[in-house]
Amino acid sequence: MKLDLLVFAVHPDDAELGCSGTILKAIAEGKKVGIVDLTRGELGTRGTAETRDQEAANSAKILGLHIRENLKMKDGFFQNDEAHQLPVIAAIRKYQPEIILCNALDDRHPDHGRASNLIYDAAFLSGLPKIKTEQDGKSQSAWRPGLVLNYIQDRYIKPDILIDITPYWEQKLASIRAFESQFY
């Protein structure tokens with residue numbers, strides 16, 4: 001399924017915290033939107049990976065996502081290397097998004113910046129036809145998104161783009177509250 005907007009999040013709940021209003025607005029405008037979580041958030045202080053899986057599914061329903069999947073990278077230990085770039089490249093090629101949103105380059109959690117660099121590099125590499133990836137046993141075509149943007153989560157970063165999400169505020173909060181194990 002081709003998506004207009006693909007959001008990468010290191011942990012389930014990062015997209016909800018950082019850009020769920022933008023997701024909701026895009027869907028309301030008729031755009032196809034999905035989230036790919038890199039990890040299951042298994043190192044989180046509260047909850048379990050299984051709980052976070054269910055919470056992510058609940059939030060996906062609230063947001064009205066077209067897809068949500070998890071690459072199941074090791075929370076806290078993934079790297080920006082070939083082994084981790086290839087599944088991200090495959091996801092980009094699978095969904096062929098026009099725009100990618102990902103965690104900020106600099107944030108309180110060290111996974112966030114590392115993931116941002118991973119996504120930026122994979123987004124470029126996904127356009128190189130000599131890098132081979134497969135989906136369901138078939139070769140994927142090269143695809144490079146037109147734009148990669150970061151969403152702000154923890155630290156203040158002066159934004160380049162502002163999106164009015166006022167009409168979606170309550171639904172954004174509901175998507176965050178879906179992560180009951182994390183916020184109580």
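In this predicted model, the lining of the largest pocket comprises 18 nonpolar, five polar and nine charged residues. The lining numbers 32 residues in total. Thr 22, Asn 150, Tyr 151, Ile 161 and Ile 163 lie nearest the pocket centre. The volume of this largest pocket is about 840 Å³.

Helix H1 (14–28) and helix H5 (169–177) each supply at least two lining residues, as do strand S4 (99–103) and strand S7 (147–151). H1 gives the largest share, seven residues.

The second largest pocket holds about 450 Å³ of space. Its lining consists of 21 residues. Those nearest the centre are Asp 13, Asp 14, Arg 108, His 109 and Gln 153. Two or more residues of this lining come from H1, and two or more from helix H4 (110–125). By class, the second largest pocket is lined by three nonpolar, nine polar and nine charged residues.

Strand pairing was examined separately. Strand S2 (residues 33–39) and strand S3 (residues 67–73) run parallel and are joined by five bridges. Within this pair, Ile 35 has Arg 68 of S3 as its bridge partner.

Note on methods. Residues are numbered from 1 along each chain as its sequence is written. This is a predicted model: local features need pLDDT of at least 70, side-chain atom pairs count only at pLDDT 80 or more; totals for chains, interfaces and linings use all residues. Side-chain values use heavy atoms; hydrogens and water are left out. On a 1 Å grid over the protein atoms alone, a cavity is a set of points where a 1.4 Å probe fits but cannot get out, and a pocket is an open set with protein on both sides within 12 Å along at least five of seven lines; lining residues have an atom within 4 Å of a point. Grid points are joined across faces, edges and corners, and a volume is the space filled by probe spheres set on the points. Helices (H or I, at least four residues) and strands (E, at least two) are DSSP runs, numbered from the N terminus. Ala, Val, Leu, Ile, Met, Phe, Trp, Tyr, Cys and Pro count as nonpolar, Asp, Glu, Lys and Arg as charged, and the others, Gly among them, as polar. Two strands pair if DSSP finds at least two bridges between them.
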